[in-house]
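Let's take a walk through this structure together, one part at a time. Have a look at the picture first, and then read on.

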Number of protein chains: 2
Amino acid sequence: MFSKFALFTIIMGIRQRKEREKEEMKKLVLDAAGKIAVSEGFEKISIRRIAEEIEYSPGTIYLYFKNRDEILFDLHSLAFQKFYDMQLTVSNIKDPFEKLREHGRVYITFGLDNPELYELMFIVQAPGNEIEANQEWNEGMKTFEFLKQNIQECVDAGYLRGDVNVLSIGMWSLVHGLVSLFLRKRMAMVPKEYIRPVLYNAYETMVDNFRQGK
Amino acid sequence: MFSKFALFTIIMGIRQRKEREKEEMKKLVLDAAGKIAVSEGFEKISIRRIAEEIEYSPGTIYLYFKNRDEILFDLHSLAFQKFYDMQLTVSNIKDPFEKLREHGRVYITFGLDNPELYELMFIVQAPGNEIEANQEWNEGMKTFEFLKQNIQECVDAGYLRGDVNVLSIGMWSLVHGLVSLFLRKRMAMVPKEYIRPVLYNAYETMVDNFRQGK
DNA sequence: CAAACTTACTGAACACTGTTCATTTTGTCA
DNA sequence: TGACAAAATGAACAGTGTTCAGTAAGTTTG
């Protein structure tokens with residue numbers, strides 16, 4: 001017979017393996033869902049379509065996710081990781097205002113280059129339901145805090161005036177408005193081939209006019 | 001036998017009545033769809049649900065609309081009419097900048113007071129598909145032109161600097177961003193009971209900082 | 001007025017969707 | 001190998017948009 005300690009170790013080992021296998025299955029599902037989103041659009045992510053992709057039956061997916069919304073929420077979280085990495089690249093810009101300018105450009109670029117991810121992060125209903133249910137949104141808050149920091153620096157340096165929270169919401173809404181109106185096909189006044197320069201131009205015109213002093 | 005003229009008159013009379021009846025049926029469908037949207041949310045608008053509401057079979061609806069998207073598009077057009085009426089109320093404000101300020105407030109108010117209509121106008125995919133297919137968006141352009149006029153006045157009066165088209169896209173994106181982030185539950189940093197004042201405040205802080213000279 | 005024609009409408013059928021759950025298969029341990 | 005537990009299945013339920021052969025109602029003509 002095993003000692004109490006050895007038995008414990010074995011049980012914990014099994015538990016860990018099970019846990020690992022569970023995570024691997026979740027990853028399999030999320031990868032498949034992500035693949036479908038990128039190649040066919042996020043609205044084509046269906047349980048049956050994922051099941052087909054990973055060669056499991058539809059019912060199996062429900063052993064790892066409570067419902068479709070949870071899959072979309074997890075996908076949204078992964079998208080935020082990717083976005084956050086991109087966002088961090090502005091860190092090495094010294095001048096706060098120049099940093100803010102680039103910050104917005106990076107945001108718009110991410111939205112235009114990763115429309116399906118952007119939809120999941122900021123437009124699609126499903127992740128919003130989870131956010132509301134959980135009464136928190138760590139993913140969104142983390143990138144919002146990063147923006148706030150930048151805005152705080154701008155206020156401290158005299159580039160901007162006003163409450164940092166309010167200014168951050170305003171700046172975020174500006175870039176989100178630009179990207180989301182385009183993604184949802186409400187930028188009919190701009191020919192498709194000019195969208196990118198026009199969005200950058202609109203953002204920069206706004207942010208430059210916004211600059212105080214100097 | 002009838003004279004050629006009398007015969008023509010009769011035929012045209014019938015054609016008109018048929019046309020009228022067709023319009024009435026369309027109105028019946030759109031009213032039902034609008035009712036469902038307001039009471040249960042736009043995503044609950046289904047052909048079967050509308051059919052039940054108007055006491056016709058689902059198939060009948062397809063004799064008056066080519067598909068569900070067309071119903072949502074027509075609903076979106078009706079919403080724009082309502083919005084345009086509200087938008088016009090800022091016309092009597094003399095000072096261009098004061099007008100612009102109020103313009104934005106009216107926009108935000110409309111979005112918060114009519115979330116389902118706002119979704120259809122600026123967020124939901126379906127009307128966007130029609131916009132893209134038709135290569136035009138009269139409804140959106142009309143209200144955009146009205147905003148542009150206001151911005152032009154602001155530029156002429158020295159309140160704003162820059163290209164009118166670009167400035168208009170920027171201002172529109174700002175207010176759309178504020179409203180749509182909230183409607184899609186991405187304003188987690190703001191407690192629900194403060195949403196209205198915070199959105200107004202964010203908008204006004206932005207627009208006031210934006211003001212040139214003075 | 002009745003027959004012929006036209007228009008309006010129906011509802012079953014097709015191919016989808018998310019989700020549940022009794023049943024079966026697979027894996028583990030004594 | 002037998003007993004138990006865990007994992008996976010796939011049929012079933014209630015929905016969705018859309019089509020179309022068939023029926024019912026309305027209109028025109030002989």
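Domain bounds here come from an automatic or database domain assignment. For chain A, that assignment gives domain 1 (1–65) and domain 2 (73–214). Taken over C-alpha atoms, the centres of domain 1 of chain A and domain 2 of chain A are 33 Å apart. Before going further, some housekeeping: this is a predicted model, where local features need pLDDT of at least 70, side-chain atom pairs count only at pLDDT 80 or more, and totals for chains, interfaces and linings use all residues. Residues are numbered from 1 along each chain as its sequence is written, while chains are lettered from A and ligands numbered from 1 in the order in which they are written.

Back to those two domains. Two residues are in contact if their C-beta atoms, placed from the backbone, lie within 7 Å. By that rule, 7 residues of domain 1 of chain A are in contact with 7 residues of domain 2 of chain A. On the domain 1 side, they divide into 5 nonpolar, 2 polar and no charged. (Ala, Val, Leu, Ile, Met, Phe, Trp, Tyr, Cys and Pro count as nonpolar, Asp, Glu, Lys and Arg as charged, and the others, Gly among them, as polar.)

Now for the pair of chains.

How many residues of chain A are in contact with chain B? There are 38, and they meet 37 residues of chain B. Helix 9 of chain A gives the largest share of the chain A side, 11 residues. Helices here are DSSP runs (H or I, at least four residues), numbered from the N terminus. By class, the chain A side has 19 nonpolar, 13 polar and 6 charged residues.

Next, the DNA. A residue is near a strand if its C-beta atom, placed from the backbone, lies within 6 Å of it. DNA strand C is surrounded by 17 residues, and among the closest are S46(A), R68(A) and G59(B). Helix 2 (47–54) and helix 3 (58–61) of chain A, together with helix 3 (58–61) of chain B, each supply at least two residues of that surface. DNA strand D also has 17 residues around it, with Y56(A) and N67(B) among the closest. Here helix 3 of chain A joins helix 2 (47–54) and helix 3 of chain B in each supplying at least two residues.

Finally, a few single residues. E55(A) lies in the loop between helix 2 and helix 3 of chain A, and has a positive phi of about 60° although it is not a glycine. Is E55(A) buried or exposed? E55(A) counts as exposed because it has 8 C-beta neighbours inside 10 Å. (Buried takes 20 or more other C-beta atoms within 10 Å, exposed 12 or fewer, and partly exposed is in between, with C-beta atoms placed from the backbone.) F144(B), in helix 8 (residues 138–156) of chain B, has 18 such neighbours, so F144(B) is partly exposed. Leaving out residues up to four places away in sequence, F144(B) touches M189(A), S168(B) and W172(B).
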